[in-house]
Amino acid sequence: ISPEDHPDCLKAAQLAYHAVSRGATCVESGDKPGQITPSIVKAIPSKMLIEADFKTPSTELFKSDRPLTVTEGKLYLSKFCEQEARLAETIIRIRDRKADNLWTPGEECIKHPDPTKVLHIRQKEAVHKFAKCNLLVLTGGPGTGKTTTASAMISTAVQEGGYKLDEIQLCAPTGRAMSQLYKGIYESELLKKVELAGLKPA
């Protein structure tokens with residue numbers, strides 16, 4: 001991209017790249033620092049930009065060699081938009097897949113890993129949803145109880161769902177995250193009551 005010929009395109013690409021370097025996948029539209037203004041997006045030449053929406057198949061994004069993609073007011077480096085679209089399609093396929101191993105957990109079995117504490121109502125709701133669907137996305141900042149909820153999910157799956165611990169795999173994006181997740185679940189008092197030896201990182 002030539003800075004002289006396409007200054008707005010270069011500016012947009014820089015913003016998208018910096019967003020990725022911070023751990024995001026796109027740049028939000030707006031006038032705040034780090035956001036991209038609609039006027040810059042409009043100034044990007046059509047030969048450099050894909051205009052898509054959330055229904056655009058990842059295969060269509062993959063066919064294009066245009067470096068930038070705008071979707072619902074968000075600007076992506078096209079490769080990251082394609083990857084996000086593929087991930088969304090995979091999640092939808094898993095969500096909609098017929099499953100025979102779903103169950104309804106009893107309220108008395110959904111407990112905090114520490115017997116001196118109780119789960120928050122949102123954590124209990126997450127365990128219920130986990131038992132009744134193919135896929136559950138559980139989000140939250142540090143210290144909000146994600147690992148505690150995962151411990152409750154696993155113990156409930158073993159106690160009520162008919163699962164064995166050697167059928168359960170724990171995955172995390174980094175070794176450090178895996179260690180924290182595994183340590184938090186390994187120290188669960190509820191899981192110590194069942195055979196923990198079979199629970200191993202994937």
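**Close-up views of a predicted model**

View 1. Phe-130 is partly exposed, with a relative accessible area of 27%, where buried means under 20% relative accessible area, exposed over 50% and partly exposed in between (1.4 Å probe, protein chains only). The model is predicted, so local features need pLDDT of at least 70 and side-chain atom pairs count only at pLDDT 80 or more, whereas totals for chains, interfaces and linings use all residues. Residues are numbered from 1 along each chain as its sequence is written, and side-chain values use heavy atoms, with hydrogens and water left out. Two aromatic pairs are found in a search of the whole structure, a pair being rings of Phe, Tyr and Trp (its six-membered ring) whose centres lie within 6.5 Å, with planes under 30 degrees apart counted as stacked, over 60 as edge-to-face and the rest as tilted. Trp-103 and Phe-130 make an edge-to-face pair, 6.0 Å centre to centre with 90 degrees between the planes. Trp-103 is buried, at a relative accessible area of 12%. Trp-103 also forms a tilted pair with Tyr-163, at 5.8 Å centre to centre and 55 degrees between the planes. Because Trp-103 lies in the loop between helix 4 and helix 5 and Tyr-163 in the loop between helix 6 (146–159) and strand 4 (169–170), this pair ties together parts that are 60 residues apart in sequence. Helices (H or I, at least four residues) and strands (E, at least two) are DSSP runs, numbered from the N terminus.

**View 2. Helix 1 and its buried face.** The end C-alpha atoms of helix 1 (residues 7–21) are 21 Å apart, in agreement with the 21 Å that its 15 residues should span at 1.5 Å a residue, the expected span being 1.5 Å times one less than the number of residues. Buried residues of helix 1 include Cys-9, Ala-12 and Leu-15. Seen down the helix axis, the buried residues of helix 1 fall within an arc of 160 degrees, so they line one face; the arc is that of the directions from the axis to the C-beta atoms. The face turned away from the buried side carries the exposed residues Tyr-17 and Ser-21.

**View 3. The open sheet.** Three strands form an open sheet in the order 1-2-3, with mixed pairing, where two strands pair if DSSP finds at least two bridges between them. Strand 2 and strand 3 pair in the antiparallel sense over four bridges, and Thr-69 stands opposite Tyr-76 in strand 3.
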